[in-house]
Amino acid sequence: MQMRGWMKGAAVALAVGAVAAGWMASQRPGGLASIAGAAAGGGWGMIRPDEAPAPRDASAPVTTVLSAEQVRVKLFKEGSFQGTEPSGNWCVTGDKLTACPELRKRFEYYILGLGEVTIADIRNLVEDEARRAHGEALANAIMAIWDKHWQVRTYAWRSVFVQADQSTWRPAFEEQRLVRRQILGEDWAKAFYADDEAKFQQFMAQVESGQPPAPDPGEPVPQMAPGKDPAAVHAERVARYGQAAADRLSKADEEWADWERRLASARSEWERLKASGQLSDLQRKQDMDAYINANFKPDEHLRVRALLHL
């Protein structure tokens, strides 16, 4: 179980298509549906040669490239972009394009339209949007980065990445790291991928240390329940959080079970007293107060009374 989680984390760090802020772009043309499917499949987004768009058959008819306005209609009025706004931004400060991760987010947002329109159509739209926002010169600079980004995304990687073979992870990572810098240049490669690369390095250090990874805050804590083996639950907690934390969780389980037992007994006692016809209301209250004082700590009295509706 732990190794499956580690391998999933490695693939996410290695995936060139993984986009911050929730935008995951698939290597295969197919629009939002295929992208959602790829993400649901565990995030294994390593770029392989067979995942790049297939080369066009020279004998096939050439498809007319849509105008930017036609692409807007197909994506934003008729297609899957309806009701959405582009993520990221153009990374323009004043009159200068500066390397920042937000441009990758902006590019990946538009690439989500693959399958509904072609990549050439999308490029037309991105260029038009950039020109409208920042003028001809900056649009040209932005599109130069676009072309390099797409070159990275469709690169035919030589290192074979095998999910089940940890020895293939680092060579694949190192090749991607080198190629990104060769194509994009140091500044843009760092801007686009530094976060992914840092997470991968941290992950590999964790795996190579032999220690379990830090718990995922979004993952529920293994809980005791009827029919569960207490030893198995404790072992899973030790594997996930370490011995000390597992012991604290076991102590909390014991305290909760003791509370539930004492509360159930208090309910039974209160029902017995209410059913006793020879006692007045004042006597019932006095007897119940004595029972609570004998079986509950002072800081528990208010809670017990509230739960028993006293």
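**Helix ends, bends and cores**

Me: What follows α7, and near what value is its phi?
Reply: This is a predicted model, where local features need pLDDT of at least 70 and side-chain atom pairs 80 or more, while totals for chains, interfaces and linings use all residues. Residues are numbered from 1 along each chain as its sequence is written, and side-chain values use heavy atoms, with hydrogens and water left out. Helices (DSSP runs of H or I, at least four residues) and strands (E, at least two) are numbered from the N terminus. After α7 comes Gly210, with a positive phi near 80 degrees.

Me: At which residue does α7 bend?
Reply: The bend is the angle between axes fitted to the seven residues ending at a residue and the seven starting there. For α7 the angle is about 65 degrees, at Tyr193.

Me: Which residues touch the most other members of the largest nonpolar core?
Reply: A nonpolar core is a set of buried Ala, Val, Leu, Ile, Met, Phe, Trp, Tyr and Cys residues joined through side-chain atoms within 4.5 Å. Buried means under 20% relative accessible area (1.4 Å probe, protein chains only). The largest core has 37 residues, and those touching the most other members are Leu103, Ile142 and Phe192.

Me: Which element gives the most to this core?
Reply: Elements giving two or more residues are α3 (68-77), α4 (102-111), α5 (119-153), α6 (169-184) and α7. With 12 residues, the top contributor is α5.

Me: Which residues does Leu103 contact, leaving aside neighbours within four places in sequence?
Reply: Contact means heavy atoms within 4.5 Å. By that rule Leu103 meets Asn89, Trp90, Cys91, Ile142, Ile145, Trp188 and Phe192.

Me: Is His301 buried or exposed?
Reply: His301 is found in α11 (residues 301-307). Its relative accessible area is 17%, so His301 is buried.

Me: Which backbone oxygen does the side chain of His301 reach?
Reply: Leaving aside neighbours within four places, His301 is in contact with Ile292, Asn293 and Phe296. At 3.1 Å, the side chain of His301 reaches the backbone oxygen of Phe296.

Me: How many helices and strands does the chain have?
Reply: Along the sequence the pattern is α-α-α-β-β-α-α-α-α-α-α-α-α. The secondary structure comes to 11 helices and two strands.

Technical notes
Buried < 20%, exposed > 50% of the residue type's maximum accessible area, 1.4 Å probe, protein only. Polar contact = N/O pair within 3.5 Å; in protein donor to acceptor, adjacent residues only side chain to side chain.
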